[in-house]
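Please look over the sequence and the model below before reading on. The paragraphs that follow begin with the ligand and then move to the protein around it.

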Amino acid sequence: MLIKRPDDIRPSEITPPAVYAERRRFLQLSGAGAAALALGGPGALFAAPAGLPGPIAPSPLSTLEEPTPRKDVVSYNNYYEFGTDKRDPARNAHALKTRPWTVTVDGLVGKPRTFDIDEILKLAPLEERIYRLRCVEAWSMVVPWVGFPLAALLKQVDPLGSAKYVEFTTLYDPSVMSRLPVLDWPYKEGLRLDEAMHPLTLMAVGLYGDVLPNQNGAPVRLVVPWKYGFKSAKSIVRIRLTDTQPNTAWNDAGPSEYGFYSNVNPDVDHPRWSQAKERRIGEFLKRKTLPFNGYADQVAGLYAGMDLRAQF
Ligand code: MTE
């Protein structure tokens, strides 16, 4: 199968203390940060960089864990359209053109619409959400995303009562992407509508306070922090609401290995390796994987009554 057992992280991949952590500490001591803290609520943590509307507010839904160094977040990637080695996307994804870019939202909706990416950026205030990301290959990261809830986009198109699922289709441009049939391109992913509408489900347009690098899924990608990383479709061009469970790229490639739900679950092993532990990028010792990647309090209720071994 294509997703491989994790390689050990080489010492050369471990970077010095994150510049970003320093920047956050500085901002917290600065006027904007101090004012936000004094008000006891979310405030403008930083002005937006060129290419994103601002200001960007810190989200109370962020984990307090230390973010993975930026260097690792942007150089250890899965984006198979640009190659299957972890370093390939950072080497090759510069060829991706992210303007002009549109995202069509259609299917079982009252108001189907094609959005320009610059309209999408202004649909809802941008937030910084620091989330754990747990890959099915048993490594993990903590990523400071910039984005907005997917629900804000879906509400624009009035989902019909018959809509039960959401299918995400990502760009496939063979002029800049792999022509090898590694997966059945274009890459597709899917969620149940209630998962898609959950406040934790994010459309990311940036990371580390800046525009999303191409290798991380520019200009817009999904982030579902309680599911394995492959649910987070990159460089989305179409979102379709349906009444039947959509096919997904990894489920089609290996149905016994990659289920539709793919909730992080330390009790359900991948057929070829355990999911009980994970290696946080930059750390040596493995840590225990948490049910729903640590987001159980917020999302376990979505699966009440389901057999999560059968519907993995
Ligand atoms: N999206 C597309 N279009 N193509 C891909 O190959 N890989 C997935 C997901 N989204 C993938 C994709 C996998 S396997 C993972 S683990 C995450 O992206 C990785 O996101 P990151 O590189 O930002 O960590």
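The ligand sits in the largest cavity. This is a predicted model, and every value given here is computed from it.

Which residues lie closest to the ligand? Of the 16 residues that surround it, the closest are Asn-77, Tyr-80, Glu-81, Ser-232 and Lys-234. By residue type, the shell around the ligand consists of seven nonpolar, six polar and three charged residues.

In Thr-170 the side chain is involved, with a polar atom 3.2 Å from a nitrogen atom of the ligand. How much of the ligand does the protein bury? The ligand exposes 530 Å² when taken alone, and 99% of that is buried by the protein.

Ser-235 is found in the loop between E10 and E11. Its phi is positive, at about 55°, although Ser-235 is not a glycine.

The aromatic rings come next. A pair of such rings is described by the distance of the centres and the angle of the planes. Over the whole structure, a search finds 12 aromatic pairs. One of them joins Phe-230 and Tyr-258 in an edge-to-face arrangement, with 5.6 Å from centre to centre and 80° between the planes. What does this pair tie together? Phe-230 lies in the loop between strand E10 (221-223) and strand E11 (236-242), while Tyr-258 lies in the loop between helix H8 (249-253) and strand E12 (277-280), so the pair ties together parts that are 28 residues apart in sequence.

Where in the chain is Pro-55 found? Pro-55 belongs to the loop between helix H2 (31-39) and strand E1 (57-58), and the peptide bond to Pro-55 from Gly-54 is cis, with omega near 0°. Pro-100 is found in the loop between helix H4 (88-92) and strand E2 (102-107). The bond from Arg-99 to Pro-100 is cis, with omega near -10°.

How values were computed:
Residues numbered from 1 in each chain as written. Predicted model: local features only at pLDDT ≥ 70, side-chain atom pairs only at ≥ 80, totals over all residues. Heavy atoms only, no water. Near = heavy atom within 4 Å. Polar contact = N/O pair within 3.5 Å; in protein donor to acceptor, adjacent residues only side chain to side chain. Areas by Shrake-Rupley, 256 points an atom, 1.4 Å probe, with all protein chains shown as cover. 1 Å grid on protein atoms, 1.4 Å probe; cavity = no way out; pocket = protein on both sides within 12 Å on 5 of 7 lines; lining within 4 Å. Sits in = over half its atoms within 2 Å of the grid points. Nonpolar A, V, L, I, M, F, W, Y, C, P; charged D, E, K, R; others polar. Phe/Tyr/Trp six-rings, centres within 6.5 Å; stacked < 30°, edge-to-face > 60°. Helix = DSSP H or I, 4+ residues; strand = E, 2+ residues; numbered from the N terminus.
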